[in-house]
Amino acid sequence: MKKALVRYRNSVFGRFVFRNQKYAPILFFMGGFIFDTLTLGRIDRVYDTVVLCSHMTLLSITLYLYNTVDEARWEGTFIRRYFEYFPLVIQFFFGALSSAFVIYFFRSVSMSKTMFFFILLVLLLFANEFLKKKISNKYLQFSVYFFISFTFFAFMIPTLIKEMNTFIFIISGLVSLVSTLALIRFIYRSSPGTRAEISLKKLIGLILSIYITINVFYTLNLIPPVPLAMDTGLVAHDVRKMNNEYIVIYEKSPWYVFWRKYDTNFHRQASERVYVFTSVFAPTDLKKSVFHRWKWYNPETGKWEVTDKINFKVTGGRDRGFRGYTHKNNLREGQWRVDVITEEELVLGVVDFEIKNTSEPHKEGMVKKSF
């Protein structure tokens, strides 16, 4: 094994890897991200569940081995000989697990509600480049681990028990908090090197601050109510159900607005109905009531006024999401917003648009599509 390793390091490829080893952590992080982006689809699939649980388990084991490598019992073992590669393995699993929640969260069309997670992802991606000790920094290791663990359990527990609400989210967070603190305590007691390097009180305080921050963001509706997510949301001129398909007619957005299907300028003829169509993803067997909360912006008061709150049921198991729509008549001109919310009033997504009255039917940029 040692001779093979020497030959590898002396080869052209080995020398290239050695010269560029400073980029290895970020490449392994991105490798894990790309792997799950290409393979994951639905949180309730057996494959997805097995992959995510395997990633989380192997990450926990690798963290333990890397942080306890100075123990005498590892002397002369495979663990001691190749521990220098463990940070790369940790980076891979960080990337793989981070990509999972990006995939599932980005089913939502409400960018404002998920931007928090993208900011965290970017910080995760580049944090190692700004920290001198990079992934060997134990405060960084366990902070990232706890955030990923929290997200993992927030998805997995509702999916497995077929129930989701604020209480379940709190339970998921507590499971993650307890398991993370238990792992930290176990490593701290087992590793003299870890005890010398970190302050246990400081690390626990950091973990608790992350826990509180995530719960505050959830309370402020800045985190979607996972594992529910909105696949599609748009304002339409007509919605009809034919042969278990919804035929939707709507105004297409300009080509340069690639992140939105519909045009936010809704041209409405007198007495024409205004429809809002949504498709909500839910794991198999998970049932939930979803509401469309219609709001109009009053320019005189400068506030949004709720005009209606209409509900429909969401039943999991459909790849393209559970479809539904609501409609209203005689809407006044101006800015409108339809919040897609749960019973607890957690926001799944937002469909915003501006109504502009016209004397003739609008024909430019109209699209007819089935969902």
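Let's start with helix α8, residues 138-161, and helix α11, residues 200-219: their axes come within 10 Å and cross at roughly 30°. Axes here are lines fitted to C-alpha atoms, for helices over the stretch in contact, with angles from 0 to 180 degrees between N-to-C directions. Helices are DSSP runs of H or I, at least four residues, and strands are runs of E, at least two, numbered from the N terminus. So α8 is roughly parallel to α11 (under 35 degrees is roughly parallel, over 145 roughly antiparallel, 65 to 115 roughly perpendicular, the rest oblique).

A word on the source: this is a predicted model, where local features need pLDDT of at least 70, side-chain atom pairs count only at pLDDT 80 or more, and totals for chains, interfaces and linings use all residues. Residues are numbered from 1 along each chain as its sequence is written, and side-chain values use heavy atoms, leaving out hydrogens and water.

Who touches whom? On the α8 side, the contact includes Phe142, Phe146 and Phe150; on the α11 side, Leu206, Ile210 and Tyr211 are among the residues. Contact means heavy atoms within 4.5 Å. By class, the contact of α8 with α11 has 11 nonpolar, 2 polar and 2 charged residues. Nonpolar covers Ala, Val, Leu, Ile, Met, Phe, Trp, Tyr, Cys and Pro; charged covers Asp, Glu, Lys and Arg; the others, Gly among them, are polar.

Now α8 against helix α9, residues 166-190. Those axes come within 8 Å and cross at roughly 140°. The two are therefore oblique to each other. Phe142, Phe146 and Phe150 of α8 turn up here too, among others, and Phe169 and Leu183 are among their α9 counterparts. The contact of α8 with α9 divides into 16 nonpolar, 6 polar and no charged residues.

Next, the rings. Phe146, Phe150, Phe169, Tyr211 and Tyr218 form one aromatic cluster. Rings of Phe, Tyr and Trp (its six-membered ring) pair if their centres lie within 6.5 Å; planes under 30 degrees apart are stacked, over 60 edge-to-face, the rest tilted. The count comes to 15 aromatic pairs.

Take Tyr246 and Tyr325. They are edge-to-face, 6.2 Å centre to centre, with 75° between the planes. Tyr246 sits in strand β3 and Tyr325 in strand β8, 79 residues apart. Buried or partly exposed? Tyr246 is buried, at 11% relative accessibility; Tyr325 is partly exposed, at 32%. Buried means under 20% relative accessible area, exposed over 50%, partly exposed in between, with a 1.4 Å probe and protein chains only.
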